[in-house]
Amino acid sequence: MSEFDKIIGYKDVKTELIRLCDVIKNSEKYKALGVAPIGGLLLDGEPGVGKTLMADCFIKASGRKSFVCRKNKPDGEFVNEIKNVFNEAAENEPSIILLDDMDKYANEDDHHRNAEEYVTVQSCIDEIKGKDVFVLATTNGTNNLPKSLLRAGRFDVIITVDTPQGEDAVEIVKYYLSQKKAVAEINAEDVARLLSGRSCAALETVINTAGQYAGYANKEMIDNDDVIRACLRVIYNAPESTAPHNPVILERTAYHEAGHAVVAEILEPNSVDLVSVRKNTGTVGGFTAYHNPDDYWASKIYMENRVIALLAGKAASEIVFGEVDTGANNDLHRAFDIVQRFADNYCSYGFGYWEERDSSPNRLSRREDRISADMEMYYARARKILIDNRDFLERLAKRLQEKDTIVASEIKEIKEKSGVGI
C-alpha cells in the first residue's frame with residue numbers, strides 16, 4: 001500500500017505529489033537528464049482540506065528524515081526555532097523540512113509582509129542551497145506572505161488544495177461512513193451534494209454528528225435521516241427546533257420553498273441540493289440550497305434561471321393563497337442584485353445602460369426602467385412554470401409539510417411521479 005493511498009479523493013493532487021516525490025526520492029535518474037533539484041513545495045488551501053495529511057504522506061513516501069516547524073513559541077523564541085530546524089535538517093541530509101501553517105508564523109497583514117519570521121524562513125532556505133534538504137510548507141492562504149518568499153527557487157511548486165467537490169466529495173463521504181456502523185441505504189451522493197464546497201473536516205464532523213443522533217435514539221446503526229439531520233445542524237445551522245410549528249406558517253413556507261425548487265428543477269434538472277421549511281442563518285423562513293455548476297459565473301443563462309427561481313417563492317405563494325407574499329424580501333434583494341450586474345458588470349443591455357459615477361439622470365432612469373421591466377418578465381416566467389407544473393408544486397409542498405426537509409434524490413422522485421420530463 002502506498003502512503004498516498006491514505007489520501008481519499010484528490011486524484012489530480014495525488015498524481016502531482018507522487019511525481020514530485022519521485023523526483024526527490026530517485027534524484028539520480030533526474031540528474032542524468034540534467035534536471036535541477038526542486039526548490040520547494042507549497043500546499044495551499046483553506047483549513048480542514050487535508051494539507052497536513054498530504055504533507056505527512058509525502059514525507060513518509062520520501063523515506064527521508066523529517067523536521068517539523070510549527071508556531072508554538074513566542075515570536076523571539078520562534079525565530080530561533082526556525083533556525084534550529086533548518087540547521088538540524090542540514091546536518092542530517094538527505095532530509096525534509098515541513099513548515100506547517102506557515103502563514104501563521106507572524107501576525108502580519110498584507111501591507112506588512114516583511115515580518116522577521118518570514119525573513120528568517122527566506123534566509124534559511126537560501127542558506128541550505130546546495131544541500132540535500134527539501135522544504136515542504138502548508139498555508140491557509142498566501143496573501144500575507146512576502147512574494148519574495150514564494151518565488152521560484154524557494155518554492156518552485158505551489159499546489160492549491162480546494163475543498164472537495166463532485167466525485168471527490170462522494171469518495172470522502174463513503175470513506176467516513178465506512179468508519180462507522182451505518183446502513184447501506186445512506187445515499188452518499190445526496191450527502192456529498194449537501195456538503196459540496198465544505199472542507200474534509202466538515203464532512204467528518206457531519207458523519208460523526210450523525211452517529212451521535214443515532215446513538216441518542218438508541219439505534220443500532222446510523223441511517224440516512226441521521227446524516228441529513230447532521231447536515232442541517234452542522235452545515236446549515238438549521239436544527240429541528242427551527243421548523244415552524246404553526247400549521248398556517250408551515251403551509252405558507254412549504255409552498256414558498258417548493259416554488260423555488262420546482263422552477264429551478266424545471267429550468268435546470270438536478271439543480272437543487274436541498275429544500276427545507278426550517279430556518280437557517282440569515283433566513284426568516286425556510287431555505288433552498290441550489291447546486292452551482294462549475295461554469296455558473298460564465299453563463300448569463302444560469303444567472304437568469306437563478307433569478308427566475310428566486311422569484312418563484314413569491315410567485316408560488318401568490319398563486320396558491322391569492323395575496324402578496326410578505327416573506328420574499330431576501331429573495332427579491334438577491335434577484336435584483338443579479339439583474340443589476342447584467343446592466344453594470346456585463347453591459348448585457350448595451351453600454352447605454354451602464355451606471356457610471358457621472359451617469360446622467362436620463363441614463364439612470366432608463367437603466368432602472370430596464371431592470372424593473374426584466375424583473376417583471378422573470379416573475380411572469382416563474383408564474384407560468386408553476387402554473388404549468390402545478391402537480392409537481394402540490395406534491396413537493398405536501399411532502400415538505402410532512403417531512404420538513406427534502407434532498408436531491410427525493411426531489412427527483414417527486415418530479416417523476418408528477419410526470420415532469422416523461
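## Basis of the model

The model is predicted: local features need pLDDT of at least 70, side-chain atom pairs count only at pLDDT 80 or more, and totals for chains, interfaces and linings use all residues. Residues are numbered from 1 along each chain as its sequence is written, and side-chain values use heavy atoms, with hydrogens and water left out.

Helices (H or I, at least four residues) and strands (E, at least two) are DSSP runs, numbered from the N terminus. Two strands pair if DSSP finds at least two bridges between them.

## Strands 1 and 5

Strand 1 (residues 41-44) and strand 5 run parallel and are joined by four bridges. Asp44 stands opposite Thr160 in strand 5.

In a regular strand the side chains alternate between the two faces of the sheet. Strand 5 (residues 157-160) has Val157 and Ile159 on a covered face, and Ile158 and Thr160 on an uncovered one.

## The 7-6-8 sheet

Three strands form an open sheet in the order 7-6-8, with antiparallel pairing. Strand 7 (287-290) and strand 8 (405-407) are the edge strands, each pairing on one side only. Neighbouring strands of this sheet are turned by 10° against each other on average, direction ignored.

Strand 6 (residues 272-276) and strand 7 run antiparallel, with four bridges between them; Val272 has Tyr290 in strand 7 as its bridge partner. Helix 15 (residues 390-403) packs on the sheet and touches strand 6 and strand 8, where contact means heavy atoms within 4.5 Å. The direction of helix 15 makes about 120° with that of strand 8. Axes here are lines fitted to C-alpha atoms, for helices over the stretch in contact, and angles run from 0 to 180 degrees between N-to-C directions.

## Helix 12

Buried means under 20% relative accessible area, exposed over 50%, and partly exposed in between (1.4 Å probe, protein chains only). Gly322, which follows helix 12, has a positive phi near 70°.

## Glu318

Glu318 is found in helix 12 and is buried, with a relative accessible area of 15%. Beyond its neighbours within four places in sequence, Glu318 is in contact with Glu323, Val324, Asp325, Tyr379 and Arg383. The side chains of Glu318 and Tyr379 are joined by a polar contact of 2.3 Å. A polar contact is a pair of N or O atoms within 3.5 Å; within protein, one must be able to donate a hydrogen and the other to accept it, and residues adjacent in sequence count only if both atoms are side-chain atoms.
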